[in-house]
Amino acid sequence: GIILGKYNRARELNINFEIDRASHIPHEVVIPDNELVCIVGNLIENAFEALRGSDQPLKEVYVKIFPRRRFLTITVKDNGPGIPVTIKKQIFQRGFTTKEGKNKGIGLSLVKQCIDNLRGTIRFHSDRHTIFLVKIPLKSEGESIGKDQSVNRRG
């Protein structure tokens with residue numbers, strides 16, 4: 001649902017929004033919907049915001065969500081102006097923003113918090129394109145993320 005809503009928003013903003021056809025989340029994967037919506041929604045919205053202020057003639061956002069080995073991988077890429085080197089270490093800090101207006105500087109800190117809650121990682125690279133790569137450990141129903149909690153008993 002979130003992706004469909006973002007697709008419609010991209011059309012309004014004249015952004016070419018591509019969702020990789022291989023994108024999927026297996027049914028047996030258990031990741032809370034609210035965490036996934038927070039991560040994907042905020043990363044896409046930030047890409048849209050970066051392009052809104054860009055003079056780029058062809059504005060593009062690409063998204064791919066797929067399982068790879070033991071992780072759910074989320075990739076969000078845009079061809080906006082990029083993230084300046086001078087602020088790369090601050091972008092996940094709550095309240096930090098380069099944007100004007102109210103309620104700014106919250107999205108990426110929430111994304112980082114959700115990823116940390118899921119024991120995942122987030123990395124980004126920004127030059128000609130800005131690419132965010134999120135990896136969340138996969139778990140199936142009944143399985144817990146993290147260290148094995150079982151006790152090894154020898155008789």
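How many helices and strands does the protein have? Here are some notes to read alongside the model.

1. Ground rules. This is a predicted model, in which local features need pLDDT of at least 70 and side-chain atom pairs count only at pLDDT 80 or more, while totals for chains, interfaces and linings use all residues. Residues are numbered from 1 along each chain as its sequence is written, and side-chain values use heavy atoms, with hydrogens and water left out.

2. Overall layout. The protein has 3 helices and 5 strands, in the order α-β-α-β-β-α-β-β from the N terminus. These are DSSP runs numbered from the N terminus: H or I of at least four residues for helices, E of at least two for strands. Of the contacts (heavy atoms within 4.5 Å) between residues at least 6 apart in sequence, 66% join residues at least 24 apart.

3. Surface and burial. The accessible surface is about 10,200 Å², with 47% belonging to carbon and sulfur atoms; areas come from the Shrake-Rupley method with a 1.4 Å probe, and for residues only the protein chains shown count as cover. Buried residues make up 36% of the 155, where buried means under 20% relative accessible area, exposed over 50% and partly exposed in between.

4. Helix α3. Have a look at residues 107–117, where the buried residues are Gly-107, Leu-108, Ser-109, Val-111, Cys-114 and Ile-115. Their cover includes α2 (33–52), β4 (121–126) and β5 (130–137). Just after this helix, Arg-119 takes a positive phi of about 60°.

5. Thr-73 and Lys-135. Thr-73 sits in strand β3 (residues 71–78) and counts as buried because its relative accessible area is 7%. Beyond its neighbours within four places in sequence, Thr-73 contacts Lys-64, Ile-65, Phe-66, Arg-68, Leu-133, Val-134 and Lys-135. Lys-135 belongs to strand β5 and, at 32% relative accessibility, is partly exposed.

6. Patch members have over 30% relative accessible area and no salt bridge, with like charges joined within 9 Å and nonpolar side chains (Val, Leu, Ile, Met, Phe, Trp, Tyr) within 5 Å. A salt bridge is a side-chain nitrogen of Lys or Arg within 4 Å of a carboxyl oxygen of Asp or Glu.

7. Nonpolar patch. Leu-4, Tyr-7 and Ile-19 form a nonpolar surface patch, with about 270 Å² of accessible area together. Leu-4 lies in helix α1 (residues 2–12), and its 57% relative accessibility makes Leu-4 exposed.

Conventions: Buried means under 20% relative accessible area, exposed over 50%, partly exposed in between (1.4 Å probe, protein chains only).
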